[in-house]
Protein chains: 2
Amino acid sequence: MNNFDFYNPTHIVFGQGRIAELDRLVPAQARVLVLYGGGSAKKTGTLDEVKAALGAREVHEFGGIEPNPTYETLMRAVELARREKLDFLLAVGGGSVIDGTKFVAAAIGYGAGDPWQILLDHGASVTQAVPFGAVLTLPATGSEMNAGSVITRAEFQAKLFFNSALVYPKFSVLDPTKTYTLPARQVANGVVDAFVHTVEQYLTYPVDAMVQDRFAEGLLQTLIELGPKVLAEPENYSVRANLMWAATQALNGLIGAGVPQDWATHMVGHELTALHGIDHAQTLAIVLPSMLQVRRASKRAKLLQYATRVWHIDSGSDDERIDAAIEQTRAFFESLGVKTRLSDYSVARGDLDRVIEQLSAHGMTAIGEHRDVTPAVSREVLELSL
Amino acid sequence: MNNFDFYNPTHIVFGQGRIAELDRLVPAQARVLVLYGGGSAKKTGTLDEVKAALGAREVHEFGGIEPNPTYETLMRAVELARREKLDFLLAVGGGSVIDGTKFVAAAIGYGAGDPWQILLDHGASVTQAVPFGAVLTLPATGSEMNAGSVITRAEFQAKLFFNSALVYPKFSVLDPTKTYTLPARQVANGVVDAFVHTVEQYLTYPVDAMVQDRFAEGLLQTLIELGPKVLAEPENYSVRANLMWAATQALNGLIGAGVPQDWATHMVGHELTALHGIDHAQTLAIVLPSMLQVRRASKRAKLLQYATRVWHIDSGSDDERIDAAIEQTRAFFESLGVKTRLSDYSVARGDLDRVIEQLSAHGMTAIGEHRDVTPAVSREVLELSL
């Protein structure tokens, strides 16, 4: 096992009916900015429920945070918060809204210079942040219990990340019933996202991290079992609750502590979203099977463990078992309705040069757990994904 | 899944060579009280390493905290800390030293009245605590990453617990190499302790908590795999590291979030320690197999899941599989050298009345996940453990 630090102070408030507790969770004197997305929080009544719970506090609203939240949009929230001297943020939504809120939290009091620098230095220049909480409505990204954020700058077609221990949510309310009305596409994307988050921290090379491996395998098995059920029975509380908690555990630092991490699939996927507007989870479903195939030699030991423990593939040669595990991964994504080929999204061979250029422009020239995923390897992965 | 809150802000600093980072972890102006146990921390050099890392800070020492730390001993540490106006505590040891330090932390500034009240109200009266960190030398109890503590009052032969979110360690340094020199008995006890902690939160009744079940099963499988290895290869870093992290995860709130919990084995075991001086883990090894046998009807569904997923027992009738799982549990403890019968510890049938009296005296008359473990049930369990 590698040496590691683990620190995660987010208070999780899990279960049906818990939004009412915001009155206890948000400081009594807070001047609150509630941030949300495209309007579903308003339509479903969750926003009203949140505002009712906040009682007599001064509450301002900022809606319209888009999937793949943009710097351009978020800077308007920063200006609102500065102008109105708001001192507590409350994200109501999924990973995009929470990621966006993290950026706003760090940007409000950011010193001289453009807060975009936070993305360019991946969080190193963050020295303070306005405190914030979250009400999660879409299980997928784990942003509700981690200190990471991914922000897009539309004018540059750039999608970059930052991390800072200063942007852990103070609390996150996870009420599974709030996910009942999600569109099937978002639900399926959420399952894929949580699955690939787990894979990025698990499917590398062995370092004898027995607990982390067992936990990761437990999450993958849970997601495989839940995926079809959540689409078939959208109002099954137990299914929704388990999916929500699995997605949180997939990216709260626990399974990644003390182990190598990959993230090459995410980095290549980000460029596909930035250039072609493909949903984040869809990019992961496109890239992951090819990424595993191209890098099967360096991932061999863990691929075999994955085949055995996650997919229960016990027969065939080692190479056949690896092939079967990769194919079952692809089939799982497709079974959820998430297509796994670039051609499914009208991306053709001729578009790949630009993807590789952007990867290089963003410094992603030596990624993966061995830093051996060069632009040439990424190209090979993308070609295999056509 | 049941509704739950999860909050655990302890910063884990894991790996070889990390004690030196105490200089960064302990506030620079702190007046420190270092608490330790029976002298092994001194003998092995860990205490010197700790003091060297603390540099120029004013450091006082308090040694002699015993296994099953007593109120009587700890109140002397409280008096020292009050007299010298010490404002940061550092526990160097295992669960007993850390549990004791939690009590000292809460007792130093405790208002009027005897701090024993903290145990009588199980932590409800704790409103402040002196901050503290830990350097763990014995993986077992999980105290390094939780807010619980068990304290014995020798004059009353009472062993009681308290919990308070105010006594999470600020940080815990987990260096697996510091466990190399532990006596085999303590190592075996630690494996049993972590195993039974997991079972207390897992082996109840199903509430569709898929992630918690998978995580618990992962910990149990890990402990079963590690147990023999850690005794055979005491200086195997990988084995020590995995055991350390498994024991921490077994009782940091994670696997117990959103699920019913039992703890009857612990409550009965505490009385055996208080009356007969049997090691804590030994009491668990004595009580657990009989507890599972006596309560097999109400635990039936989870016992079958335990048989299948943890022990991989796939043949036989349901009742035969449950019997086999309980017998394998007993055999596992015995294989570590931890005896599982009261007669192994010279406790006879005639001693049981007093155990049951003390259980009742401490309010443990309706324990377990269904509150149906009455003194009569506890007696049946103890009789089966003779």
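## Where the two chains meet

Welcome to this structure: 30 residues of chain B are in contact with 30 residues of chain A, where contact means that the C-beta atoms of two residues, placed from the backbone, lie within 7 Å. On the side of chain B that touches chain A, the elements giving two or more residues are β1 (4–14), α8 (210–232) and α9 (237–250) of chain B. Of these, β1(B) gives the most, with 9 residues. The residues on that side of chain B divide into 15 nonpolar, 11 polar and 4 charged; here Ala, Val, Leu, Ile, Met, Phe, Trp, Tyr, Cys and Pro count as nonpolar, Asp, Glu, Lys and Arg as charged, and the others, Gly among them, as polar. Of the interface residues of chain B, 100% are also interface residues in chain A, so the copies meet through the same surface.

## What kind of model this is

This is a predicted model, in which local features need pLDDT of at least 70 and side-chain atom pairs count only at pLDDT 80 or more, while totals for chains, interfaces and linings use all residues. Residues are numbered from 1 along each chain as its sequence is written, and chains are lettered from A and ligands numbered from 1 in the order in which they are written.

Chain A has a mean pLDDT of 97, and 100% of its residues reach 70 or more; pLDDT is the predictor's confidence in each residue, from 0 to 100. For the complex, the predictor gives an ipTM of 0.96 and a pTM of 0.97.

## How the copies are related

A rotation of 180° with 0.0 Å of shift along its axis superposes chain B on chain A, with an RMSD of 0.0 Å. That is the relation of a two-fold axis. In chain B, the C-alpha nearest the axis belongs to P9(B), 2.1 Å from it. The superposition is by least squares on the C-alpha atoms of residues with pLDDT of at least 70 in both copies.

Which strands make up the open sheet, and in what order? There are 12 of them, in the order β3(A)-β2(A)-β4(A)-β5(A)-β8(A)-β1(A)-β1(B)-β8(B)-β5(B)-β4(B)-β2(B)-β3(B), with mixed pairing. At the edges are β3 (58–62) of chain A and β3 (58–62) of chain B, each pairing on one side only. From one strand to the next, the twist averages 25°. A note on terms: helices (H or I, at least four residues) and strands (E, at least two) are DSSP runs, numbered from the N terminus, and two strands pair if DSSP finds at least two bridges between them.

The chains join in this sheet through β1 (residues 4–14) of chain A and β1(B), which run antiparallel and are linked by 7 bridges. In that pairing, I12(A) stands opposite F6(B). Within chain B, strand β5 (residues 132–136) and strand β8 (residues 171–174) pair in the parallel sense over 4 bridges, and L136(B) stands opposite L174(B) in β8(B).

## A closer look at β4(A)

Is β4(A) enclosed or open? In this strand, 6 of the 6 residues are buried, so β4(A) is largely enclosed by the rest of the structure. A residue is buried if 20 or more other C-beta atoms lie within 10 Å of its own, exposed if 12 or fewer, and partly exposed in between. Both faces are covered, with F88(A), L90(A) and V92(A) buried on one side and L89(A), A91(A) and G93(A) on the other.

The strand has parallel partners: 5 bridges join β2(A) to β4(A), with V32(A) opposite F88(A), and β4(A) also pairs with β5(A) over 5 bridges, with V92(A) opposite V135(A). Helix α5 (residues 95–108) of chain A lies across β2 (31–36), β4 (88–93) and β5 (132–136) of chain A, at about 165° to β4(A). In chain B, helix α5 (residues 95–108) packs on the sheet, touching β2 (31–36), β4 (88–93) and β5 of that chain, and its direction makes about 165° with that of β4(B). Angles run from 0 to 180 degrees between N-to-C directions, and axes are lines fitted to C-alpha atoms, for helices over the stretch in contact.

L86(A) is in the loop between α4 (71–83) and β4 of chain A. It is buried, with 22 other C-beta atoms within 10 Å. Leaving aside neighbours within four places in sequence, L86(A) is in contact with R31(A), V32(A), L33(A), H60(A) and A81(A).

In chain B, E380(B) has its place in helix α15 (residues 375–384). E380(B) is partly exposed, with 17 other C-beta atoms within 10 Å.
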